[in-house]
Amino acid sequence: MYENIREEELKNKIAQAYFPDFDSTQIIGNIDFAVTIKKEFQISETESVLWAEAKKGKADIFNSITQLILTVGKARTFDLTLPPAYLGAFDAEKIAFLPYNDIQEIFYLNDFNWNVTPSNYETKEFKMVLEKARAIIETNSLQFSYKTDELELREFIKINFVSGRFANQKIRIDKNNFISIYNKWLQTVKPTIAVIWEEAQKVNIIDGDFYLADLLSLENETLKEKLYVLLKTNRYELERTPNKLGMFSSQYTGFIDKQKAHQIFWNKYERPPREEYWDYIVERRDLLVPQDVRERKGSFYTPQIWVELSQKYLADVLGTDWQDEYYIWDCAAGTGNLLAGLTNKQNIWASTLDRQDIDVIKDRILNGANLLEKNVFQFDFLNDSFDKLPKGLQNVINDSEKRKKLIIYINPPYAEAGSVFVVGARKNKTDVSIKNNVWDKYKNQLGLAIRELFAQFFIRISQEIPNCKLASFSTLKYVNGDGFGHFRELFNPKYKAGFVVPANTFDNVNGAFPIGFLIWDFENKQDSKQIKTDIYDRYAKNVGKKNFYIHLGIKRITEWISKQHVKSKDNIIGYTGNNGPDFQNNNYCYLINTQKTNKNGVLNNATKYSITKDNLISICVYFAVRKCIELTWLNNGDQFLCPNEKWKKNKEFQNNCLVYSLFHGKNMVSSKHGTNHWIPFTEYEVGAQDDFDSNFMTDFIAGKIKDASLSLLPKKKPNLIKSLEFSEEAQAVFESGKKLWQYYHAQIKEVVFWGRQKANVNASLYDIREYFQGRNEKGKMHNKSTDEKYTQLISDLRKSLQVLAKKIEPKIYEYGFLKE
C-alpha cells in the first residue's frame with residue numbers, strides 16, 4: 001500500500017492516516033516513531049502510547065521489534081520518559097503492536113551487553129533478544145494489514161490509544177460483525193489448518209465450522225459442544241462418532257505453523273461473543289457457506305459510515321422532517337443495514353429476495369431494530385407483481401400523490417450478465433441477470449444496459465413507480481457509461497444531490513472506481529447533461545467536487561480513432577487499437593509491431609489498427625491523450641471523446657504527443673517482432689556500432705517523411721523538407737532518452753553481458769528495458785534492475801516524461817478529448 005517510498009515519507013503517511021488525533025512529531029531518544037497524547041489532553045508529562053520501529057518496503061516484524069527493544073534498552077529511554085502502552089513496528093504493508101508490559105522484563109536482563117548497534121542483526125546480543133522476544137511477539141502481538149484490516153486497525157487505535165489506558169482492549173464480536181471477521185479469518189487462519197478442504201466439503205464440513213469452533217471458545221477451548229468441529233487448545237476435534245463397540249472415536253487435525261497465525265489473529269478479538277448471540281450465530285451457519293453467499297447475488301454490504309452520510313444528504317435535500325413526510329422502501333434490503341438510523345418505522349418497508357435475510361431482519365427487530373415486522377417481507381423485485389406487496393405499501397404506490405412522497409432507498413446488486421463478474425465475489429456468476437421478468441420486458445429498449453442487475457432495478461422503478469424519488473448506491477456507469485445510451489433515453493429523472501466514495505471502502509471490494517450515492521426525482525426531468533457530486537475519501541473527508549457527464553449522442557474517442565485507421569498492408573510500422581473509451585480500459589492501449597489474435601484467429605481489439613506514416617501523428621495523439629493522465633479511482637469511468645478540430649493546428653501539441661508515445665513504457669515495439677521503425681536517434685547520436693535496419697523515425701522527425709493526413713491545404717507545391725520543432729519539455733525527454741540509448745549501446749561496444757542476452761543494435765525502448773531488467777521464470781519482465789546506472793537513467797526518463805505529460809494535459813480538455 002505504501003510501496004516504493006522512503007522511510008521518512010512512510011512515517012509521515014502513517015502518522016497522517018492513523019494517528020491524526022495524536023502528536024507524532026516528538027523525537028524520543030533514538031526511537032524511529034513515537035506517538036504521544038497531545039499536550040492539552042495529557043494526564044502526565046509526555047504521555048506516550050506507542051514507540052515503533054519503521055521500515056520502508058517489506059520487513060520482518062520480529063527483527064523490527066527486536067531492533068526497537070535494543071534501541072530502547074541501549075539508551076534506557078524508559079528511565080528518561082514514561083514508557084508507552086505499546087511497542088510496535090510497521091512497514092509498507094502492515095503494522096504490529098505489542099503491549100509494553102509483555103516485553104519489559106527483557107530490559108532487565110542480567111549481564112547483557114546493551115552497547116551493540118541495534119540495526120546489526122548478526123550480533124549475538126540481537127539473536128539473544130530475538131530468541132527471547134519471538135515467543136512473546138507470536139503470542140501477544142496484534143498485527144494489522146493496511147489493506148485488509150483497515151477497519152479493525154482504526155477501531156483498535158480508537159479504543160486503546162487513550163490517555164491513562166494501559167490495558168489491552170480487544171475488539172468485541174457480535175452478530176453484526178462476525179461475518180466480516182470470518183472473511184478475514186479465511187485469509188489468515190484457514191491456510192494454516194491441516195485440512196484438505198475439497199475433501200472436507202464432500203462430507204459437509206466447511207471452513208466455517210472451524211471458524212465457529214474458534215469463535216465460540218475461551219482460552220482456545222470451544223464452549224458450545226453441539227458443533228461439527230471443536231477447538232481443543234492446539235488442535236481441532238471433529239464430531240465424535242460411535243464405532244461397532246459403542247465406543248466413541250474422534251478425528252483430529254492441527255496447524256501447519258504451530259498455531260502462530262491463529263494466535264496472532266485472535267489476539268485482536270475478544271472471545272467468545274456474548275452468550276446471547278451464540279445460538280443465532282450457529283443457526284446462521286448458512287452465511288458461511290460459501291463466501292459469495294454474503295454478496296447476495298452481487299450486492300454490496302453498505303458500510304455504516306456511508307449509510308449515515310446518505311441519510312444526511314436525504315435530510316439536506318428533503319428537509320429535516322423528511323422521515324415524517326416521506327415513505328421509504330428498500331426493495332433490495334439484504335439484512336437491512338441500510339435502514340439503520342431511520343426513526344419512523346410506520347413509514348418504512350424492507351423487502352429482499354432471500355428468506356434467510358428476512359429472518360435476520362426480524363431477529364434484529366426482536367433485538368431493538370426500529371422496524372415493523374409486518375413491513376418486512378420477501379419479494380423478488382425483478383419478477384414479482386406489485387400485487388404481492390403489503391397493503392400499506394400498495395396504497396402508497398397506487399396513490400399518485402402519495403407516490404410523490406415515496407423514496408426507493410437501496411443499494412442494489414451489481415452483477416452483470418455476459419462477463420457476469422460480481423465485484424467482491426470469488427468467482428463469476430451465470431444467469432444472475434437474464435432470467436427474470438424485467439429482462440424480458442425491457443431487453444429490447446435498453447441495449448447493453450439490460451445486462452446490469454442494478455439497471456434492471458432502476459428501469460422498473462422509473463417506468464412502473466412514476467414520480468417517486470430514488471436514493472441509491474451504485475456505480476456511475478448508468479450516468480456516463482458507453483453502453484447506457486438507450487438506458488438514459490428512458491431514465492431521465494431530475495438529479496438532486498449526491499456523493500461518491502472509493503469502491504474499496506466497501507467490504508470485499510478491491511476495484512479502484514467510484515461508488516456514488518445519488519438522489520433522483522422522477523417527478524421532474526433532467527435538463528442538464530452533467531451532474532456534480534461531492535467527493536469523499538476513504539476516511540469520510542470531503543475533498544472536493546466531481547462532474548459526471550451524461551453523454552447522449554456524443555461520439556467517443558474510439559469512433560474518432562477508427563477513422564484515422566489506414567487500411568493498408570504496406571509500409572506498416574506498428575499497431576494499436578481500442579477496448580473502450582474510458583480510463584479503466586487504458587491498460588489495453590499500447591503500441592506494438594505485431595498483431596495479436598485469440599486462439600480462434602480473431603484479431604485482438606488492442607492491435608487492430610495499422611500505423612503508417614500517414615496516421616502516425618493521429619495515432620500518437622490518441623495514445624498520449626489516453627496515457628498522460630493517471631488512472632485513479634475517481635476518473636475510472638470518465639469517457640474520452642471525439643475531439644474538435646483545433647488540435648490539427650497545434651504542431652507543438654502534435655509533436656509533444658509524438659515524443660510522449662516514443663518514450664512511454666507502453667510503447668512495446670520490439671526488434672524481436674520485426675523491423676524496429678521507432679528508434680528516435682541516429683546511429684551517431686547513440687554511438688551505435690552498426691547501421692540500424694530502419695531510420696524511419698529520425699527521417700520523420702527531420703521532415704523527410706510527411707504525414708499526409710494532417711495537410712490542411714491543397715497540395716499545389718511539393719512539401720519542403722522541414723524538421724519537426726519540439727517544446728523544451730519534449731527536448732528534455734529526448735535528452736534523457738538519448739543518455740539511456742547511449743548507455744545501452746556502450747554495452748555492445750564493451751561486449752558486456754552481465755548474465756543477459758547480447759545487446760541488439762536495433763533495440764527499441766522495450767528491448768532496452770528487457771535487457772537491463774530481465775524476466776522471471778514465467779516470462780514476465782521484472783519491475784527493477786540490479787544495474788544502478790540504468791535505474792537512474794530510466795528514472796530520469798520517466799520524470800521528464802511526467803513533465804511532458806503535464807504540458808499535454810491542459811490541451812486534452814481544450815480540444816475536447818475530455819470534459820473537466
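**A sheet and a pocket**

Strand E4, which covers residues 94-99, pairs with E5 in the antiparallel sense over 4 bridges. Within this part of the predicted model, isoleucine 95 stands opposite phenylalanine 144, a residue of E5.

These two strands belong to an open sheet of 5 strands, whose order is E1-E2-E3-E4-E5 and whose pairing is mixed. The edges of the sheet are strand E1 (33-36) and strand E5 (142-145), each of which pairs on one side only. If direction is ignored, neighbouring strands of this sheet are turned by 20 degrees against each other on average. Helix H6, formed by residues 150-160, lies across strand E3 (86-90), E4 and E5, and runs at about 135 degrees to E5.

The other region is found elsewhere in the numbering. The second largest pocket holds about 1,900 Å³ of space, and among the 48 residues that line this pocket, those closest to its centre are His664, Gly665, Arg769, Arg798 and Gln802. The elements that contribute two or more residues to the lining are helix H22 (616-627), helix H23 (651-663), helix H27 (765-773) and helix H28 (788-814).

Which element gives the largest share of the lining of the second largest pocket? That share comes from H28, which supplies 12 residues. By residue class, the lining of the second largest pocket divides into 17 nonpolar, 16 polar and 15 charged residues.

Terms used. Residues are numbered from 1 along each chain as its sequence is written. This is a predicted model: local features need pLDDT of at least 70, side-chain atom pairs count only at pLDDT 80 or more; totals for chains, interfaces and linings use all residues. Side-chain values use heavy atoms; hydrogens and water are left out. On a 1 Å grid over the protein atoms alone, a cavity is a set of points where a 1.4 Å probe fits but cannot get out, and a pocket is an open set with protein on both sides within 12 Å along at least five of seven lines; lining residues have an atom within 4 Å of a point. Grid points are joined across faces, edges and corners, and a volume is the space filled by probe spheres set on the points. Ala, Val, Leu, Ile, Met, Phe, Trp, Tyr, Cys and Pro count as nonpolar, Asp, Glu, Lys and Arg as charged, and the others, Gly among them, as polar. Two strands pair if DSSP finds at least two bridges between them. Axes are lines fitted to C-alpha atoms, for helices over the stretch in contact, and angles run from 0 to 180 degrees between N-to-C directions. Contact means heavy atoms within 4.5 Å.
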